[in-house]
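I'll jot things down as I go.

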Amino acid sequence: MFVKRRIPVLAALAALVPLALSACSSGGTDTPAQPSGPVTLTWWHNGTTDPIKSIWEKVVTDYHQAHPDVTIKAQPLQNEDFPTKVPLALQGAEPPDVYQSWGAGDLASQITSGKVADITDATKSWITQTTGKFGENWQVDGKQYGVPFEQHFVGFWYRKDLFLQAGITTPPKTMDELNAAVTQLKAKNIAPISVGGKDRWPDAFYFNYFAIRECSADVLKQSVKAVKLEDPCWTKAGQDLKSFLATQPFQTGFAGTPAQQGAGSSAGLVANGKAAMELQGDWEPGTMSALTDDKQLDSKVGWFPFPSVAGGQGDPNAVLGGGDGFACTTRASKACADFLQYLGSEPVQTQLAAQGAGLPVNTVAAKALKTDTLKAVYDYGTKAPYLQMYFDRAFPTAVGAALNDAVANMFAGQGTPEGIVTAVNQAAAGNK
């Protein structure tokens, strides 16, 4: 995901699936042959568009001015390039010193390379104060391998003006109401929902949320821990998805639409009034702002949580989310950890919040959030009774990829609810 705070967040995060996952072999340590004297850190991040692109550029300049012996060489990469480029880099001789990481099972898979640094000692004096319990999602077997800089919550972003054109006066709270809204929007020749099917992970948000509504928190936790989908609620989630797809809620050609690249992306369609809704994270306003010339966009966009599902065993107020962070490789892990501390500092976190680049992990920066809508998302997410990390990050990398592929297959009209469950379980068996 692109790019996500906090006395209240502790209650929600305490319910988060434990993500101190085991790995097949240990990663690096804080201490191997750290460079002495001036150091240059290569930094892979996904901030390819403003506002975060400019924020990261300022971070590079400001950090070097404050630490003349440290030069940051940033290399922005498209979000969708990380799943392939990071594993390849970790197999090579010179991986980046700092790279974008979403924690959890994804990070646990990466440390088996032996190139990811254990930064427990380098971060223990400040990480809890900066990130709260959320930072634990970048731990594996109780050791810190990365640090988050933002946390995220997923819901529907919608155009208030297009809703009014279709006669929709209040955001949908149930699936029946969402289906009715789709029908009303179609009647006005408005694409109800955009989705970036080309990138697959936006498709998976729908299965993720149906699972969160159908499965209890205990089942979700147990399933992620065991890396196995056994409860019937998982198949029921797939059936819910199949029924929703049958309403044909998405824009024409959604399977070939990218999520965030260009005005014709799914985010661009909403930004330019070509679609009424998109299920995305709190990064959506920042993403959309770079895809339109509309300077009044913030006032035209609203947000609502994923609707309740009748008969589901999950809490209707549970939220899907995760976070953006960075991990360090072993060459200069101490310098990397110091840099990550700076990214969590109040000045940087306040810039992220104030410019609409995401929800800061440092609670003192939350007051700077750019809009009332983002503040509402923040409040909803931090007070949610349960926060489930995206399954493609919570599971080991290969298992998460298999889930996304199976869901995308269903979006293409070729898969089945049972096929999603089978694909995950088979990938998990092959991953052991």
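This is a predicted model: local features need pLDDT of at least 70, side-chain atom pairs count only at pLDDT 80 or more; totals for chains, interfaces and linings use all residues.

Started with Lys-300, which comes out partly exposed at 28% relative accessible area. Its salt-bridge partner is Asp-294, with 2.8 Å from N to O. Asp-294 is partly exposed too, its relative accessible area being 23%.

Then I zoomed out. How many salt bridges does a search of the whole structure find? The count is 15.

Next I went to helix α11, residues 232-245. Lys-236 and Asp-240 make a salt bridge there, and I get 2.9 Å between the closest N and O atoms. The two sit four residues apart in the helix, so about one helical turn separates them. Is Asp-240 buried or exposed? It has 12% relative accessibility, so I put it down as buried, the cut-off for that being under 20%. Lys-236, at 33%, goes down as partly exposed.

Glu-214 joins Lys-236 and Asp-240 in a network of salt bridges.

Last stop was helix α2, which covers residues 52-66. Which residue does Asp-62 form a salt bridge with? I found Lys-58, with the closest N and O atoms 2.5 Å apart. Both residues are in that helix, four residues from each other, or about one turn. Lys-58 has 39% relative accessibility, so I logged it as partly exposed.

Methods:
Residues are numbered from 1 along each chain as its sequence is written. Side-chain values use heavy atoms; hydrogens and water are left out. A salt bridge is a side-chain nitrogen of Lys or Arg within 4 Å of a carboxyl oxygen of Asp or Glu. Buried means under 20% relative accessible area, exposed over 50%, partly exposed in between (1.4 Å probe, protein chains only).
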